[in-house]
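Here's a quick tour of one model, written for someone who likes to know the cut-offs. Have a look at the coordinates, then read on.

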Amino acid sequence: MARPGFDARAAGDVVRTEILPDPGAVAMRAAERIAQVAREAVTDRGRCTLAFSGGSTPWRTLRALAEEDVPWDRTHLFQVDERVTLSGDPERNYFHLKEALIDRIAIPPSNVHSMPVEEEDLDEGGRRYESILRRIAGTPPALDLVQLGLGEDGHTASLFPDDDALRIVDADVAVSGLHKGRRRMTLTFPAIDRARCILWLVTGAGKAVALERLRACDRSIPAGRVLRSRAILLADKAATGGR
């Protein structure tokens, strides 16, 4: 039976959707879900692979996740995307991943895989990250969970409208063009779509239009092109226009 607030419509929206009161509730529910996925993956396959995006709600989620029962010694952390900038820059998603989660849990350093955005040759860095994905998550890599956000322009990960990275189908990692002054390294659609679970976190009234387009299967926005059959969407009321 669906829980209150759970919307499992089949027509036009095959993303299982749960509407929660506010960003804090979204973060707590997401942490519970991620922890459950991790425990089940370790039971079933002996290890878990998680990939996280940036954003204020994911960072709240990571802090909550640090308090959950997760077999961290058998869990590997990856990044969905990262800005090309120096180590320690607060613009880096890894900066917040470390502060919100890694520094708060007992995880082996060898289980943490940050994107190599400080490489002089970014394309080679992307290929190296792909090789790590294959070594840990199989060939082709199938991550246990990929957490995604949604931009007001409909982007997800660092797959922006009209960027060349949208068209890459023969690689799991790509480097985007400039966006707000930064290039990005990102997982591509094939890598995201192979995940056993895709977890969308969407909060705030500013995302309402993009969320409506996502739920309407609008493939003209990058987010609308992500596989939906294994996706779960956690959104707050503001992002759904208060509905």
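## Ground rules

This is a predicted model, so to speak of local features we need pLDDT of at least 70, and side-chain atom pairs count only at pLDDT 80 or more, while totals for chains, interfaces and linings use all residues. Residues are numbered from 1 along each chain as its sequence is written, and side-chain values use heavy atoms, with hydrogens and water left out.

## Salt bridges

Side chains of opposite charge can pair when their charged atoms come close. Here the cut-off is a side-chain nitrogen of Lys or Arg within 4 Å of a carboxyl oxygen of Asp or Glu, and the structure holds 17 salt bridges. One of them joins Glu 99 to Arg 63, with the closest N and O atoms 3.0 Å apart. Glu 99 sits in helix H3 (residues 93-100) and Arg 63 in helix H2 (residues 56-65), so this pair ties together parts that are 36 residues apart in sequence. Helices and strands here are DSSP runs numbered from the N terminus (H or I for helices, at least four residues; E for strands, at least two).

How exposed are the partners? For burial, the scale is relative accessible area: buried is under 20%, exposed is over 50%, and partly exposed is in between (1.4 Å probe, protein chains only). Glu 99 is partly exposed at 31%, and Arg 63 is partly exposed at 34%. Lys 98 pairs with Asp 103 at 3.0 Å, N to O, and Lys 98 is partly exposed too, at 35%. Arg 213 and Asp 218 meet at 2.8 Å, with relative accessible areas of 33% for Arg 213 and 22% for Asp 218. There's also a salt-bridge network linking Glu 18, Arg 29 and Glu 32.

## The buried face of H3

Which residues of H3 are buried? They are Asn 93, His 96, Leu 97 and Ala 100. Looking down the axis of H3, these fall within an arc of 105°, so they line one face of the helix; the arc is taken over the directions from the helix axis to the C-beta atoms. An α-helix has 3.6 residues a turn, so residues three or four places apart point the same way. The cover over the buried residues of H3 includes H2 and the strands S3 (48-52), S4 (75-79) and S5 (81-83), where contact means heavy atoms within 4.5 Å.

Most residues other than glycine have a negative phi, and most peptide bonds are trans. The peptide bond from Thr 139 to Pro 140 is cis, with omega near -5°, and Pro 140 lies in the loop between helix H4 (122-137) and strand S7 (145-148).

Positive phi turns up as well. Ala 157, not a glycine, has a phi of about 50°; Ala 157 lies in the loop between S7 and strand S8 (173-175) and is buried, at 9% relative accessibility. Cys 217 has a positive phi near 60°. Cys 217 belongs to the loop between helix H6 (208-215) and strand S11 (231-236), and is partly exposed at 31%.
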